[in-house]
Amino acid sequence: MNGEKERLTFGQHQVEVPIPTDSDTPDVMKYINEIPDYDDNFTIDMIVEKILTDDKQYDLSKIITAYEYAAKAHAGQKRSSGQDYITHPLAVAYILLELGMDTDTICAALLHDVVEDTDATLEDVRKRFGQDVAMLVDGVTKLNKIPIFNREEQQAENVRKILLAMSQDIRVMIIKLCDRLHNMRTLKYRPIDRQRRTALETMNIYAPIAHRLGIRAVKEELEDLSFHYLDPYAYSEIEHILENKKEEREAFIEIIKKRIAQRFKNEDFQQPPNIDGRVKSIYGIYKKIFINHKSIDEIYDKYAVRIIVSTVAECYNVLGLIHDMFRPLPNRFKDYISTPKSNMYQSLHTTVLGREGIPFEVQIRTWDMHETAEYGIAAHWKYKEGIQGKDKMEQRLAWVRQVIEAQQTSDDVEEIVRIIKNDIAPEDIVVMTPKGASISLPVDSTVIDFAYKIHTQIGHKTTGAKVDGKIVPLDYKLQTGQICEIITSKDPNKGPNRSWLDIVRTNEAKAKIRSWFKKECREENIVHGKSLLEREFKHYRINVPEEDYESFLEDDFKRHNCASLEDFYASIGYGGILLSKIIPRLRDKYQKLYSPEEEKTNVLPVQPSKSSGKNSIILDKIDDCVVKFAQCCNPIPGDEIVGFITRGHGISVHTVNCSNYKAVLARNNPEELERWCDIQWSENSAAQLQTSIEVTATDRVGLVYDITAVLAEARVPMVHSSSRKLKNGNALFEANIVIAGAEQLRILFEKLRKIKGVITVDRASS
């Protein structure tokens, strides 16, 4: 190993793993090749045999016809393993049969690659197999004909399409998960760089979706396989630890099962409980060892016993018996029956200590809960011939709509991947409302996330919160079991604060905040967005001629579904477009379109400080110089300005209305006047500079809060502020703020003047 490491993000966690090199490849492949060979020789006879032995009714002739169509279309195609390509759709169909999916889903699995990889058309599939099969095939077909700028965008667009189809029919995602599962089982035949890329995508996107759909077996296998390719050394180490203690572990679980079964003989059950044992998945152990920095002896739930009974009442009865037999560990009991997980998982979990001093977890559930835990949403097809109970299904798929709504409020096509990583990650917390309703949120969610989860308008009007009866700040991170009460404003015009975008954890909340600013603050968004873009342009020395400005940005704003340049600015202003994503592309475009001579410029970024070594000032007959901005008048872009030549410190910039400059003019001293020069702001200047403001108003309780709320909503940073009562009974509020220019300041003043009791709003000297 060369000792270099790569930082990977697994869901919400970041870890460092060794980077394989050419010299390491044989060693790495040794670990990777330890993955068992899966039976990849699937045939239609295996599908038929599986169908005939299943209690579920299938249209066998339709499935065989779909196979024959797919086999003919894929004739001559091979997989990386060297086998006929048709073995892949057959394998996907077989996995779906094990989940109990219906006839159309099995047909779609057999046909899922024909439109993408062969000459077959979607219309032909529709004519031969019906609209439902065609819709499912279309939903899992990759987008290979859209304009793509990078791999992450392609990934985002593919997942966006899958989610949109999934919102109409959940079977699309179930097919896609089984397709990905078989590809992961045979991933070792792909190049090593492709293995890691596919494994990371699976870990961050498909495994969390399988978790949300409740398909435990698929989720755990996807995680274990992905982990094997991402960190084969750690995988092998944990696997060997488990293998070395396999006999000891199996003997321990058998002893526990016998003790429990013996105790249950004297109890009255509708039918004898099913008692089974299991070991935590390898990736599950890895998360607790390496990510949570624990030793393997500290993992209390690596051994688990599962008890399945007939009724909910029997679940709680068994819990009492288990706690009577074994000593429960403190704070290790979880009731997911009364408070189900976000994927509708229900079970009682408790960790107890056996006579041997070894802790183990006990899971207690009913048979219905067990089927939901194992098959998730697929249980609706396995046991109920399709979806029954629309209300429950709507509740389970609510997160799909939330993800779609969140990414639609953003004009950034890559937002969808970030949303999945954040909002669909397995780790959740459950927080209660004062009335006892449970709200499920991702880990690290704040009280603002909680407010928006309850209702959009509650989120907009949030002014504070109480957690377990105590006032907490808005950025307070909630924890499972807490009771949260949201305090709201009665002001009908109350809206969110832009700074909340940096506080909230869920993309649902971010989307609603952005949506509010998109609708309510268009003019301000345009000014703010233009300022942000031009500041980035200055930072990267992108100096497009004014006459070419709109045409230079046209491709980008159309790509983000913006009808005009103003829409583009507005989208940047409210956060719908992330500059960090578009600037690299625009920078490359600029370098291709404009020659190096045209890239030379004296216009460089100005940081929000009193002075800077570079500036956004154009001076008469001077290409470049050191400037500083005078504190006596605090000029900002848009002000009429004049420069004073200092001794050894460059140019000091003043406004023409500055009292110091006016005093020089009044004295009319030629020696003094010689040191003043004409200067002007550069075109499209977007420097962020300090200025001072004064607000005079009728004194009242809450005045300062209302003023600072307006500043926060406008995303105007406040460096310093003070307030005092005047002799005439009024109040004076003074603040130093960082502003982009005179136009932004004008809009800010208009909003300040609308505050109740405000008399005057003016600029002031420091």
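# Close-up views of a predicted model

**View 1. Helix H26 has an exposed face and a buried side.** Asp555 and Lys558 are the exposed residues on the face of H26 turned away from its buried side. Exposed means over 50% relative accessible area, buried under 20%, and partly exposed in between, found with a 1.4 Å probe on protein chains only. H26 covers residues 549–559, and its buried residues are Tyr549, Phe552, Leu553, Asp556, Phe557 and Arg559. They lie on the same side of H26 because they cover an arc of only 155° around the axis. The arc is that of the directions from the helix axis to the C-beta atoms. Just after H26, Asn561 has a positive phi of about 60°.

This is a predicted model, in which local features need pLDDT of at least 70 and side-chain atom pairs count only at pLDDT 80 or more, while totals for chains, interfaces and linings use all residues. Residues are numbered from 1 along each chain as its sequence is written, and side-chain values use heavy atoms, with hydrogens and water left out.

**View 2. The chain as a whole has 33 helices and 22 strands.** Helices (H or I, at least four residues) and strands (E, at least two) are DSSP runs, numbered from the N terminus. The chain has 766 residues, of which 53% count as buried. Of the contacts with a separation of 6 or more, 67% are between residues 24 or more positions apart. A contact means heavy atoms within 4.5 Å.

View 3. In H32, residues 703–713, the buried residues are Leu703, Ile707, Val710 and Leu711. Their arc around the axis is only 100°, so they are on the same side of H32.

View 4. A cavity is a set of points on a 1 Å grid over the protein atoms alone where a 1.4 Å probe fits but cannot get out; lining residues have an atom within 4 Å of a point. Grid points are joined across faces, edges and corners, and a volume is the space filled by probe spheres set on the points. The count is 4 cavities of 30 Å³ or more. Lining the second largest cavity are Glu524, Val527, His528, Ala714, Val716, Gln744, Ile747, Leu748 and Lys751. Helices H25 (522–539) and H33 (742–753) are the elements that each give two or more residues to this lining. The largest share, 4 residues, comes from H33.

**View 5. Lys510 is a buried residue in helix H24.** H24 spans residues 507–520. Lys510 has a relative accessible area of 19%, which is why it counts as buried. Leaving out residues up to four places away in sequence, Lys510 touches Leu501 and Val504.

**View 6. Pro584 lies in helix H28.** H28 runs over residues 579–593. Pro584 counts as partly exposed because its relative accessibility is 44%. Tyr540 is 44 residues from Pro584 in sequence, and their C-alpha atoms are 9.4 Å apart.

**View 7. Cys484 is buried, and so is Cys677.** The relative accessible area of Cys484 is 1%, and the relative accessibility of Cys677 is 18%. The structure holds 0 disulfides, a disulfide being a pair of cysteine sulfur atoms within 2.5 Å.

Technical notes
1 Å grid on protein atoms, 1.4 Å probe; cavity = no way out; pocket = protein on both sides within 12 Å on 5 of 7 lines; lining within 4 Å.
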